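This report describes the fold of a single protein chain, moving from the overall layout to individual contacts. The sequence and the structure are shown first.

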Amino acid sequence: MGVPARIDGCRAGEAGDAPGDGPPVAWAAYALAEALHPHGAPYPAGTDRGGRSAALVAAPVEQVAERLRRARPALQSRLTGRRTLRVGVGPAAPPAPAALRAALVQARYVLEGSAGPVASAAELDSLDGLLRGIPPEVTAAFHARLLAPLAAHDRENSVSLLGTLAVFLDHDGSWARTAEALCIHVNTVHYRIRRIEELTGRSLARLRDRLDLRTALLCAPQPVRAQAPAQAR
């Protein structure tokens, strides 16, 4: 069973050659091979058609990820400046071209969205994890497209409709629990939700619209938090 892994080259914060011979991508492939060699499982490692380092490993995902986590600090110490060595580990896959390609695509996707040095496709188990691999320009545009009217309201008022929406969805659409969390009367929650629906053109009674608005909140450049209780406007 194949387990793909990928080194994200030597992501350079500044110019310069990578340690050893050859360009950063070649060194990243070498680092990947060095990290996997002591594991004892067969693997091919090199660069793909896109010039990215990758390997296919015949070993369980958890073992490969743990081996890479242990090996990375020593490899990272060889890098200079602000260069960072990062690795993505995909899911187990049968030895078929389509399945192996899909596993590599997942490894690259989770690597792009992860903040950690070693990322695993196992992180793709929630909406949050899925969104982290989407370019920030795309998520920011989605956030603005759905929630710009609420952001404009909040800039001109002491009451945060964005915060109210976040709390309402965090409490599974419960009017009473939202009111308790915000320390306001339940009628005020009803009023604010009506304003949110008017401004966004979405209905929080519909699951699809709830999911869209929840996703838009998760796409915010900074987490949306409820403001302190204030008089509704």
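## Strand pairing

Two strands are said to pair if DSSP finds at least two bridges between them. By that criterion, strand 2 (residues 45-47) and strand 3 are paired, running in the antiparallel sense over 3 bridges. The coordinates discussed here and below belong to a predicted model.

Strand 3 spans residues 53-57 and is mostly covered, with 4 of its 5 residues buried. In general, side chains in a regular strand alternate between the two faces of the sheet.

## Overall architecture

The protein chain contains 9 helices and 5 strands. Read from the N terminus, its elements follow the order β-α-β-β-α-β-α-β-α-α-α-α-α-α.

Of the 233 residues in the protein chain, 41% are buried. Among contacts with a separation of 6 or more, 64% are made by residues 24 or more positions apart.

## Helix 5 and helix 9

Two packed helices are described by the angle between their axes and the distance between the axes. For helix 5 (residues 136-156) and helix 9 (residues 207-218), the axes come within 8 Å and cross at roughly 125°. Helix 5 is therefore oblique to helix 9, and the crossing is left-handed. On the helix 5 side, the contact is formed by Phe142, His143, Leu146 and Leu147, which meet Asp212, Leu213, Thr215, Ala216 and Leu217 of helix 9. By class, these residues comprise 6 nonpolar, 2 polar and 1 charged.

Alanine 140 is also part of helix 5. Why is alanine 140 classed as partly exposed? The class applies because its relative accessible area is 32%, and partly exposed covers values between the 20% limit for buried and the 50% limit for exposed. The C-alpha atom of alanine 140 is separated by 9.8 Å from that of leucine 218, although the two residues are 78 residues apart along the chain.

## Helix 6 and helix 7

Helix 6 (residues 161-170) packs with helix 7 (residues 175-182) at an angle of about 130°, and their axes are 9 Å apart. That angle makes helix 6 oblique to helix 7. The crossing of these two helices is right-handed. Thr164, Val167 and Phe168 of helix 6 are in contact with Trp175, Thr178, Ala181 and Leu182 of helix 7. This contact consists of 5 nonpolar and 2 polar residues, with no charged residue.

The loop between helix 6 and helix 7 holds aspartate 172. Its phi is near 55°, a positive value in a residue other than glycine. Aspartate 172 counts as exposed because its relative accessibility is 58%, and the exposed class begins over 50%.

## Helix 6 and helix 8

Helix 6 also packs with helix 8, their axes coming within 10 Å and crossing at roughly 110°. The two helices are therefore roughly perpendicular to each other. In this contact, Leu161, Thr164, Leu165 and Phe168 of helix 6 meet Val189, Arg192, Ile193, Arg195, Ile196 and Leu199 of helix 8. The residues involved are 7 nonpolar, 1 polar and 2 charged.

Cysteine 183 is located in the loop between helix 7 and helix 8 (186-200). Is cysteine 183 buried or exposed? At a relative accessibility of 61%, cysteine 183 counts as exposed. Its phi is near 60°, which is a positive value in a residue other than glycine.

Arginine 194 lies within helix 8. With 46% relative accessibility, arginine 194 counts as partly exposed. Its C-alpha atom and that of leucine 204, which is 10 residues away along the chain, are separated by 9.0 Å.

Methods: Residues are numbered from 1 along each chain as its sequence is written. This is a predicted model: local features need pLDDT of at least 70, side-chain atom pairs count only at pLDDT 80 or more; totals for chains, interfaces and linings use all residues. Side-chain values use heavy atoms; hydrogens and water are left out. Buried means under 20% relative accessible area, exposed over 50%, partly exposed in between (1.4 Å probe, protein chains only). Axes are lines fitted to C-alpha atoms, for helices over the stretch in contact, and angles run from 0 to 180 degrees between N-to-C directions. Angles under 35 degrees count as roughly parallel, over 145 as roughly antiparallel, 65 to 115 as roughly perpendicular and the rest as oblique. A crossing is left-handed if the near helix is turned anticlockwise from the far one by less than a right angle, and right-handed if clockwise. Contact means heavy atoms within 4.5 Å. Ala, Val, Leu, Ile, Met, Phe, Trp, Tyr, Cys and Pro count as nonpolar, Asp, Glu, Lys and Arg as charged, and the others, Gly among them, as polar.
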